[in-house]
Amino acid sequence: MTVASLPTATGSFFLGKWLYESLCQVPLCSAVVDVAIQDYVADVASELIYQNKSQISKEVLFAFPLGPHMAIYSFQARSEDAKVQAMLRDEVQQLHEAIGGWENLEYLQKKSRYAGEAFACFLGTLSPGREVVVTLRYVQELPRKPDGAAHFVLPPTLHPHTKLYAWNCLTSKLHYSLLLTASLQSPRGVANVQANFALTPLIYTAQDRSTAQVSLDGGPPSHDDLELLVYFGDPTAVSAVVEKGDPGAPPGSLLGDPMVLVTLAPSIPEAVPGQHQSGEFIFLLDTTFLEHAQDSLLFLLKSLPLGCYFNIYCYGETSVGIYPQSVEYTQDNLTEAMRRIPSNGSSLDDTNLLGTLRSIYNTPRPRGHTRQLFIFMDRLPPDKEAIAAEVCRHRNSHRCFSFCFSRDSVTLATALARETGGDATYVSSDNSVTVEVLKCLKQALEPAAEGVSLSWTLPRGLEVEVLEDTPQSIFRNQHSLIYAQIHGQAQETTVAKGVMTLQYSLDGQDVTHTIEFPLCPQGDGRLAVHRLGARHLLKRLLLEAVSASGDEPRHRAVEISLTSGIICPFTSYVGVRTSQRVTWYRGPLALLPPRQSLIPCQIVELRGSGKETSCFPMTIWEPPGWLTAACESWLALRRLTRGIAALPQRGACSKGHGAKHLGHSAGCDLAAQKRQVLPRPL
């Protein structure tokens, strides 16, 4: 995490790796990071200390860019003056109406270089020489390397080596300390650990080598992200980790019962050149592709392998494919398809992508052929949320490769690819279309395990709830994580094992793998598997809430979100600032409880802008002087008009209005705070 200033003399930001800031920073002094890795999930607890070394006070905003498989479940910041804690609340409460200062988050959203989601929380004013201690906890699913290693990368927020304040271009010396420890656990055993930095010797903490510890040895590298590769015992097609629940949670609840993390990683050999290959390839073409890339389309179609199936959809006013359903790839079918494609897209309006996707999903796919979509987008469709929800609903039945020709459609293209395990590409020129598409086609031609199914055998009295559907296909060099919860009480205490059976088809041959796993749950109490399981369950409940007529899926999603600390579309963050008491004061007011107030804290979607030089990031926070003055004038006028509007309604602190207006008296503020219902802490 880094710290940089707003374009005023009293503003500063805490920023992540790609949030490029001006030359005025609040530097990181030290970072203490504790990582717990179980197979392919990680729980990270960090403590970051920043100090304002300038001669002026600064208003600070902490921002943490979020990866695609990452979720924050606890955040707190402490200074000598106050404590700020992020809390979750139900969106229905609409507490954000009583919070001022959202313009800081809006400015961050528009001006940051990083494009994507980020957690942002306003921390208040930091005086010269004062420190603020940030405590951040999050969980994350880890990528699996082809050799089976779990790949962990320390976020640049926790090791901001690229920042101007963090190192000197001439000496490459870091200006902060970093203490990193990692606890490793797997029922298959921890075999080895590799890193791009110096490590202490691996220390095993269990005789069966199922747990181990390792730490950063010396100082971190000055020019690299910290990467860790954790190798477990012999890789298997299916493995399971059982995590014990929270003893304080009621039995039968999400956090109360054991959670199972299942890793599906079938061993799939490389495709043999010249052999008939299976697969269904569907191309969704828009106006730009039809007008400028006819030759690229022909080259792409001629590159398909024998034995596959294909179809083409020119979405626009119609959602019907060239063929009613996919046909076998032959020369005659290819020639007929090219004849039926419109010569130009002048009659298409790029608005029926949703209808085209629904038409495809309602069409049966050829038996034994994995479905993969190649989607080409020129402009951002108006119904982007519905498109993303539709693809997410069918995420386990296909894979998407997205190609966008405009920057405003990059986010949607990335979301479609990410949800289905595909890839997204921004095409900047007509000449690069063929090259980029062929790269993705090479990836799409990787063989896959088809017809994947997972069955369970448990002792009497126990039952399993799988939190999301098993994917129908798993491609070579990919894996799938399945979260399931075990409910009930075993009637036979002597049976302490369960059995899982993985079945799939590979090159027309049926394959079966059966493993036993212990039902004695383990864990360090951090509940990483439970929280990530909650994240997947919330995704399923969101789809149910969209299609269901009742409120039950929404109510359950809110309950799970509040208890697990994982945000969902029906909940949101709010910052609660508690002023610290002055220890030396012993007057009558010392008997009053500490003053609490709500401050801006939320997940923001950063749009991405700005540039960087070869050594230092280029400032994007320093606008022209007239813009700074205009912003300050606008904010002052906004506060003034709010205060004037509140005068006729305020009276003697009238109920329901006092807390919503700025500039009200201390008595009104105290009364409003007494009425205020605070949300649940993370």
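Arg78 stands opposite Lys83 in strand E7. The model is predicted: local features require pLDDT of at least 70 and side-chain atom pairs pLDDT 80 or more, while totals for chains, interfaces and linings use all residues. Residues are numbered from 1 along each chain as its sequence is written, and side-chain values use heavy atoms, without hydrogens and water.

**Strand E7 and its partners**

Strands (E) are DSSP runs of at least two residues, numbered from the N terminus, and two of them pair if DSSP finds at least two bridges between them. Strand E6 (residues 70–78) runs antiparallel to E7, with three bridges joining them, and a hairpin of three residues connects E6 to E7. E7 also runs antiparallel to strand E30 (residues 571–579), through nine bridges; there, Ser579 is the bridge partner of Ala82. Because eight of the nine residues of E7 (residues 82–90) are buried, the strand is largely enclosed by the rest of the structure. Buried means under 20% relative accessible area, exposed over 50%, and partly exposed in between (1.4 Å probe, protein chains only).

**Aromatic contacts**

The structure holds 12 aromatic pairs. Rings of Phe, Tyr and Trp (its six-membered ring) pair if their centres lie within 6.5 Å; planes under 30 degrees apart are stacked, over 60 edge-to-face, and the rest tilted. Two of the pairs are listed below.

| Pair | Geometry | Centre to centre | Between planes |
|---|---|---|---|
| Tyr40 and Phe232 | edge-to-face | 5.8 Å | 80° |
| Phe62 and Phe75 | tilted | 5.2 Å | 35° |

Phe62 lies in strand E5 (residues 58–65) and Phe75 in E6, 13 residues apart. Phe62 is buried at 0% relative accessibility, and Phe75 is buried at 1%.

Methods: Helices (H or I, at least four residues) and strands (E, at least two) are DSSP runs, numbered from the N terminus.
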